[in-house]
Amino acid sequence: MNINRKIVLKKSPEGIPNEGDFELIEEKIEAPGENEFLSKTIHLSLDPYIRGVITGRHIYSEKVNIGDTIVGRTVSEVIESNHPDYQKGELVLSSNGWQEYGISDGEGVRKLNGHQGKLSTALGIMGMPGLTAYAGLLTYGEPKEGDILVVSAASGPVGCMVGQIAQIHGVEVIGIAGSDEKCNTVRDVFGFKDCINYKTEDIDQRIKELCPNGIDIYFDNVGGDTLDIMTRNLAYEARIVLCGFMTQYNLSTPPPGPNLGPIVGARAIIRGVVVYDHYDKQDEFISKAGKWIQDGKVKFIEDEVIGIENTPAQFCKLMRGENFGKTIVTMQ
Ligand SMILES: NC(=O)c1ccc[n+]([C@@H]2O[C@H](COP(=O)([O-])OP(=O)(O)OC[C@H]3O[C@@H](n4cnc5c(N)ncnc54)[C@H](OP(=O)(O)O)[C@@H]3O)[C@@H](O)[C@H]2O)c1
C-alpha cells in the first residue's frame, strides 16, 4: 500500500528509445516536508520533448541522468499536505514525472479544481500542446478568413488543435499524417478539408492539386522532407511556423537542412514557436478552448495505456511515431 512505483533511466537511448533503456523500481512513498504536499498521479503526459531531456538536448530542462526518475507533467490528487495553499483532495497539474506519487513545494503547479471536461485534456489539447497550437498559430501564423493552412503530425494534440483553431478562424485546413487511419480521423473527427498520408502518397503532387494557389500558412511539427516540400509550395507572403522536428529527435547529429531559397521568392515569413514564451495566454486559451469543446467545435483523441509499468513501451511507441492522439498513461 505504501509503495511508489517509478520508472528511472537505465541507459541513454541511441536512436529510437527502446524499453531496455528504462527500469521500473519500487520504493517507499516519502512523506512531504514543511511547505510540501504529496500527490497521487492520475494521468501522466508523454511528450516528444522528453526524448531531448533524456539526452540533455532540451535547453529548457535539466538533463535526466542514469538512475533518475523520468520527468513529465501529471494530473494528480493531493493526498497529504503540509503546504498552506494545497489541501487534501485538490486536483493539480503537477510534474510528478514517471511515478505513481510525487512530492512538490508548489512551484509550477496549477490547480485544476474548475477544469471543464475530461481531466486528461489538461495535459493535451487544454494543456501545453494545446497552448502551443493556439499561441503559435494566432501569434505567428496570422490566420485570415479564406487562407489555406497545412499542418504536419495532424492527428496529434498540437496538430489537431492547430487545424481546429484555424477552422474556427475561417481557414481551410489540410493535414499530413502517417497512416490512412490517422488521415480518416483528421478528416472525419477534426473536420479538415483533406489529409495526405505521406507514407503512401506523393505529398508534392497532392499539395499542388489541393492548393493550386499555394499554402498561406504551414505549421511544421516534423521538419525533414515534408518541410522541404512545403517551402516549394508557398503562396505570396506565406507564413511558416516552425514548432517541432519529429524527424530529428532520435538522430545523434542533425541532417542537412532544407533549401530555404523559395522562402525568398514567396516573401514568406518563418517563425519559431516556443510554448514557454506564451504562458501569459494560458488563462485566455483555457477559457476559449473549454467553450470550443463544450460547443463541439473542438474534438480530441487520446492514445492511453493503464499502469506505470507500461510507460516505457508507450513512450517508445510515441518516439517511433506510432502514437495516435495525445499520449497518456493513466495509473491504476
Ligand atoms: N515549440 C514548442 O514549444 C512545442 C511545444 C509542444 C510540442 N512541440 C512539438 O510539436 C510536435 C507535435 O507534438 P505532439 O505532442 O502533438 O506529438 P504527436 O503528434 O502526438 O506525436 C508526434 C507525431 O509525429 C509524427 N512523426 C512524423 N515524422 C516522424 C518521425 N520521423 N518519427 C516519429 N514521429 C514522426 C508522428 O505522426 P505521423 O504518423 O502523422 O507522422 C507522431 O505521431 C513535436 O515535434 C513536438 O516536439 C513543440
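What share of the contacts in the chain with a separation of 6 or more comes from residues 24 or more positions apart? The share is 66%. Keep that in mind for the views below, which show a predicted model.

**View 1. The whole chain, to get your bearings.** Count the secondary structure and you get 9 helices and 15 strands. The radius of gyration is 20 Å, close to the 20 Å given by the globule rule for 332 residues, so the chain is as compact as a globular protein of that length. Along the principal axes, the C-alpha atoms fill a box of roughly 60 × 45 × 30 Å. As for burial, 44% of the 332 residues count as buried.

**View 2. Where the two domains meet.** The chain splits into domain 1, made of 3-124 plus 300-330, and domain 2, covering 130-277. Going by C-alpha atoms, their centres sit 29 Å apart. Where they touch, 14 residues of domain 1 are in contact with 14 residues of domain 2.

**View 3. Around the ligand.** Here 30 residues surround the ligand, and the closest are Gly156, Val158, Gly178, Gly244 and Gly321. Sorted by class, the shell holds 16 nonpolar, 11 polar and 3 charged residues. Two helices to look for are α2 (128-141) and α3 (157-168), each of which supplies at least two residues of this shell. Why does the ligand shell lie between the domains? Domain 1 and domain 2 both give residues to the shell, so that is where it ends up.

**View 4. Inside the largest nonpolar core.** Nonpolar side chains tend to be buried together in soluble globular proteins. In this chain, the largest nonpolar core has 86 residues, and Leu149, Val150, Ala154, Val162, Ile215 and Phe219 are the ones with the most contacts inside it. Both domain 1 and domain 2 contribute residues, so this core lies between them. Zoom in on Ala154: leaving out residues up to four places away in sequence, Ala154 touches Gly159, Cys160, Gly163, Gly175, Ile176, Ala177, Val186, Phe192 and Cys195.

View 5. Helix α6 runs over residues 224-231, and its buried residues are Thr226, Leu227, Ile229, Met230 and Thr231.

**View 6. Val298, a buried loop residue.** You'll find Val298 in the loop between α8 (282-294) and β14 (302-306). Val298 counts as buried because 25 other C-beta atoms lie within 10 Å. Setting aside neighbours within four places in sequence, its contacts are Ile125, Gln164, Ala289, Trp292 and Ile293. Val298 and Cys160 are 138 residues apart in sequence, yet 8.8 Å apart in space from C-alpha to C-alpha.

**View 7. Two residues with positive phi.** Most residues other than glycine have a negative phi. Glu237, in strand β12, has a positive phi near 60°. With 12 C-beta neighbours inside 10 Å, Glu237 counts as exposed. Arg267 has a positive phi too, near 55°, and sits in the loop between α7 and β13 (269-272). Is Arg267 buried or exposed? Arg267 has 11 C-beta neighbours inside 10 Å, so it counts as exposed.

Note on methods: Residues numbered from 1 in each chain as written. Predicted model: local features only at pLDDT ≥ 70, side-chain atom pairs only at ≥ 80, totals over all residues. Near = placed C-beta within 6 Å. Helix = DSSP H or I, 4+ residues; strand = E, 2+ residues; numbered from the N terminus. Nonpolar A, V, L, I, M, F, W, Y, C, P; charged D, E, K, R; others polar. Domains from an automatic or database assignment. Rg over C-alpha atoms; globule rule 2.2 N^0.38 Å. Buried ≥ 20, exposed ≤ 12 C-beta atoms within 10 Å, placed from the backbone. Contact = placed C-beta atoms within 7 Å. Core = buried A, V, L, I, M, F, W, Y, C linked by C-beta atoms within 7 Å.
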